[in-house]
Amino acid sequence: MSAFKRVLYIANHRGILPSIWRKHVTTWAPVGAAFNTKPHRRLELFEKNVGLFGVPELTSPAGFDVVAKKALKDTQELVDKVCSSAPGIGTVESFDQLSDGLCKVADLADFVKVAHPDPSFREAAERTCIEIGTIVEKLNTNIDLCRSLKNLLDNKEVISQLDPNTRKVAELFMFDFEISGIHLDEKLRKEAVKLHVKLLDLNNEFVMGSHLPNKIAKSAVPKHIHHHFATEGSFIQIGGLHAESSDDLVREVAYRIFLYPNSDLMECLEELLKCRNKLAKLVGYESYAHRALKGTMAQTPETVMKFLQSLTDKLSERTTIDFEMMKDMKTKLNPRNAELMPWDPPYFSGVLRAERYNVEPSLYSPYFSLGSCMEGLNNLFTQLFGVSLMSEHPSAGEVWNEDVRKLAVVHESEGLLGYIYCDFFHRADKPHQDCHFTIRGGRQCQASGQYQLPVVVLMLSLPHPTKKAPTLLTPGMMENLFHEMGHAMHSMLGRTRYQHVTGTRCATDFAEVPSVLMEYFATDYRVVSQFARHYQTGQPLPQNMVARLCESKKVCGAADTQLQIFYSALDQVFHGKPQNRSTTDILKDMQQKFYGLPYIPNTAWQLRFSHLIGYGAKYYSYLMSRAVASMVWNQCFVKDPLNRDMGERYRREMLAHGGGKEPMLMVEGMLQRRPTIDDFVDALVSDLNPDFETFIMDSTS
């Protein structure tokens, strides 16, 4: 019996498939079975605990101290080696080994501190993150280490003998030194270090503050809407915008209270932006935005603003129409309060989509069981890349929760490419956001000649299966699954020589391209029809339902895009040259120029814009990545989304290089031309054009 059939046999004969829906399903492929069933509990009393992710030291929280000390010891040995060796390719290899040793500890700890259900593991991981961070700061200001790299880059004879990828990685390491201010004199270097430390504190303070709820006395809020909010004694707590509420007053109250200015947080943000600008100027950049955009597709703040302004101009008429449609709908539902306000678009755009296309998620979910979606991904990757997802049972102690599934990613000729740990199900103590974590990057190990296999985690927050049904996904959940798997396959299919540039360790405005491209596959009927089957009847999802779903996204699409443009422009101006006005005054100005709906007095939306920390000056990246993904889809895949030759070209030109190649060169290699800003804009605008075939299909169905 083959391994595949054995897995399926065990799943069906141990009573794992719930009896109520098991009888309707004839077969599940191995990957589908792994995700549509609860894992069989094994007695692990006599199994050796291999530690988290197979790291033997991590059988207990105390193991983090052990791995951190080992990393510190290895780091010192490598620093000594680099500083005493002649410049050459070995210099770059040692730098990468140095980076790899620290990243393997830091990245793992960074994941565990937010995802592990045991507080003692989370606390130990948090301490390790701080410890490794301190080591990295010291290395980035180590003059002898920097000098060894500079000696390499200044040696024209040696540099000419290095391959382009090695030169690129050497330059990236030097960039890390430069932005830490190592080239400055001692006094200025110490100032740069102080600014780095201060920014770490300000960043943490802002992120934490941006997520805290605001409170208001119950007496200040109409009694009939109290039940929509959490209460604390005589106060109502408002921790979000309640944007999907059908009650106009609930949305308005939530908006005004949640966004009410907090003076301490306002001071924190303004100090944070000043420090970022001061640090950027100190290390030789015109502004923080200029520093942040080095090495990206956009390259400069001027290019970003040109992109955002051009997109605004092209969308202006459509955005106005979208706002008018929403206003008409509001008038229809509430004639006495018809003015469209900033708290209205999410709700009324949803109403318009539902009215026009009837895309109620519950109509779709029975066709999107988690297992069938995973089978769909497996089929897609097999046809495009010759890659299969194979379910493996983790060893004792390897995973942090029994619901975590482990996938081996196997190529038909190259063999094992890496591992994906799937932490897909809701837990009270895990982050409620979909995300991808790199645990270990891929690299060529020079000593052994072996390739270090990448390891990643995908985290979702899906409902658990029940006795009556497997986990059923809404269309949005299904697309998010495909999106996050795009990040994972970027890590798996890259075969970079250096860990420093593996997989998603690339320019921010390129990193989202593979994941956004997966959303196009997730909504193409030729792909969806291969896996979307009703979990009870086995009937395929009707084609017109997929078409309606795709078209529904274009309803108010211009207004949705314009909101992202506004956020991106605000981010650019905040991180550009300092202006002698408050962040709220800047917000008012940008909202008027790039959105159109009125600013509401005594609100400060920027204090909830936590992406300013992780995406400082790069929030535009999602729009630019979507533009590239649109061009790649329409030029390369729209005729045949399952074309193996095109899949191989996509891997060869875009996925294989990680951050080891200039992002625009990768795009140029895939499209076989170098796109302009106008091309980016046109790609985004054309995505919003209605598909008239859908209207014909709907009218005849």
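## Annotated region and overall composition

The model is a predicted one. The span 242-684 is the one that UniProt, in an unreviewed entry, lists for "domain: Peptidase M3A/M3B catalytic".

## A three-stranded open sheet

Three strands form an open sheet in the order β1-β3-β2, and their pairing is antiparallel. The edge positions are held by β1 (214-217) and β2 (230-232); each has a single partner strand, so one side of each lacks a neighbour in the sheet. On average, and with direction ignored, neighbouring strands of this sheet are turned by 35° against each other.

The pairing of β1 with strand β3 (residues 235-238) is antiparallel and comprises four bridges. Within this pairing, Lys215 stands opposite Gln237 of β3. Helix α11 (residues 248-258) packs on the sheet, where it touches β1 and β3. The direction of α11 makes about 85° with that of β3.

## Packing of helices α26 and α29

Two packed helices are described by the angle between their axes and by the distance between those axes. For helix α26 (residues 621-637) and helix α29 (residues 677-686), the axes come within 8 Å and cross at roughly 80°. Angles of 65 to 115 degrees count as roughly perpendicular, and α26 and α29 are therefore roughly perpendicular to each other.

On the α26 side, the contact is made by Leu623, Met624, Arg626, Ala627, Val628, Ser630 and Met631. Helix α29 contributes Ile677, Asp679, Phe680, Ala683 and Leu684. Sorted by class, the residues in the contact of α26 with α29 are nine nonpolar, one polar and two charged.

Val158 belongs to helix α8 (residues 156-160). Its relative accessibility is 18%; since buried means under 20%, Val158 counts as buried.

With neighbours within four places in sequence left aside, Val158 is in contact with Pro87, Gly88 and Leu152. One of these residues, Gly88, is 70 residues away from Val158 in sequence, yet the C-alpha to C-alpha separation of Val158 and Gly88 is 6.2 Å.

How values were computed. Residues numbered from 1 in each chain as written. Predicted model: local features only at pLDDT ≥ 70, side-chain atom pairs only at ≥ 80, totals over all residues. Heavy atoms only, no water. Pairing = 2+ DSSP bridges. Helix = DSSP H or I, 4+ residues; strand = E, 2+ residues; numbered from the N terminus. Axes fitted to C-alpha atoms, helices over the stretch in contact; angles between N-to-C directions. Contact = heavy atoms within 4.5 Å. Parallel < 35°, antiparallel > 145°, perpendicular 65-115°, else oblique. Nonpolar A, V, L, I, M, F, W, Y, C, P; charged D, E, K, R; others polar. UniProt positions renumbered as here; feature names shortened; annotations may be inferred. Buried < 20%, exposed > 50% of the residue type's maximum accessible area, 1.4 Å probe, protein only.
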